[in-house]
Amino acid sequence: MSRPVLKAEADGRLTFWCPACRDSHTVAAGDGSGPRWKWNGRTDLPTFEPSVLVRAGHYTDRGHQACWCTFYKENPPKPGERVFKCYRCHSFVTDGKIHFLSDCSHDMKGQTVPIPAWEEPVQHHPV
């Protein structure tokens with residue numbers, strides 16, 4: 001078994017680093033409330049089913065989440081201030097690789113890459 005690329009969180013949540021978003025994505029596996037993914041049990045070469053979809057800002061259909069584009073037009077960020085983005089990241093995670101689907105809003109759409117070693121997450125987006 002090679003080096004783990006998942007971090008185990010409470011309640012069966014599993015987090016991996018997404019190089020396209022430069023951020024972490026989390027899925028919930030096993031029994032419990034809310035959406036749950038099937039997981040192959042491997043922390044080094046994980047597979048999740050179904051696909052993993054992470055949305056923020058105007059890419060979400062949840063009315064309570066503000067659009068960052070609109071927010072920053074009305075509230076320009078100060079120099080050095082952390083800036084959030086509106087985005088959509090949709091992928092299949094299979095055998096330790098992320099297969100980015102064509103409906104992603106980032107530049108890695110259509111590509112397949114290994115889940116990278118951990119960087120310190122800037123944001124945390126549970127799905």
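Biologist: Is D103 buried, exposed or partly exposed?
Modeller: D103 is partly exposed, at a relative accessible area of 30%. Buried means under 20% relative accessible area, exposed over 50%, and partly exposed in between, with a 1.4 Å probe and protein chains only. This is a predicted model, in which local features need pLDDT of at least 70 and side-chain atom pairs count only at pLDDT 80 or more, while totals for chains, interfaces and linings use all residues. Residues are numbered from 1 along each chain as its sequence is written, and side-chain values use heavy atoms, with hydrogens and water left out.

Biologist: Which side chain does D103 meet in a salt bridge?
Modeller: The partner of D103 is R88, at 2.6 Å from N to O. D103 lies in the loop between β8 and β9 (112–114) and R88 in strand β7, so the pair ties together parts that are 15 residues apart in sequence. A salt bridge is a side-chain nitrogen of Lys or Arg within 4 Å of a carboxyl oxygen of Asp or Glu.

Biologist: How many salt bridges are there in the whole structure?
Modeller: A search of the whole structure gives three. One of them joins E49 to K38, with the closest N and O atoms 3.8 Å apart. E49 is in strand β5 (residues 48–49) and K38 in strand β4 (residues 38–39), eleven residues apart. E49 is partly exposed at 43%, whereas K38 is exposed at 58%.

Biologist: And what is the salt-bridge partner of D44?
Modeller: D44 pairs with R42, their closest N and O atoms being 2.8 Å apart. D44 is buried, with a relative accessible area of 4%, while R42 is partly exposed at 31%.

Biologist: Back to β7: why is the strand described as largely enclosed?
Modeller: Six of the eight residues of β7 (residues 87–94) are buried, so the strand is largely enclosed by the rest of the structure.

Biologist: Which strand does β7 join through five bridges?
Modeller: Strand β6 (residues 52–56) does so, and the two run antiparallel; A56 has Y87 of β7 as its bridge partner. Four bridges also join β7 to strand β8 (residues 97–100), again antiparallel. Two strands pair if DSSP finds at least two bridges between them.

Biologist: What happens in the hairpin of β7 and β8?
Modeller: Two residues lie between the strands, and D95 takes a positive phi near 50°. T94 stands opposite K97 in β8.

Biologist: Changing topic, how many helices and strands does the protein chain have?
Modeller: The protein chain has one helix and ten strands. Helices (H or I, at least four residues) and strands (E, at least two) are DSSP runs, numbered from the N terminus.
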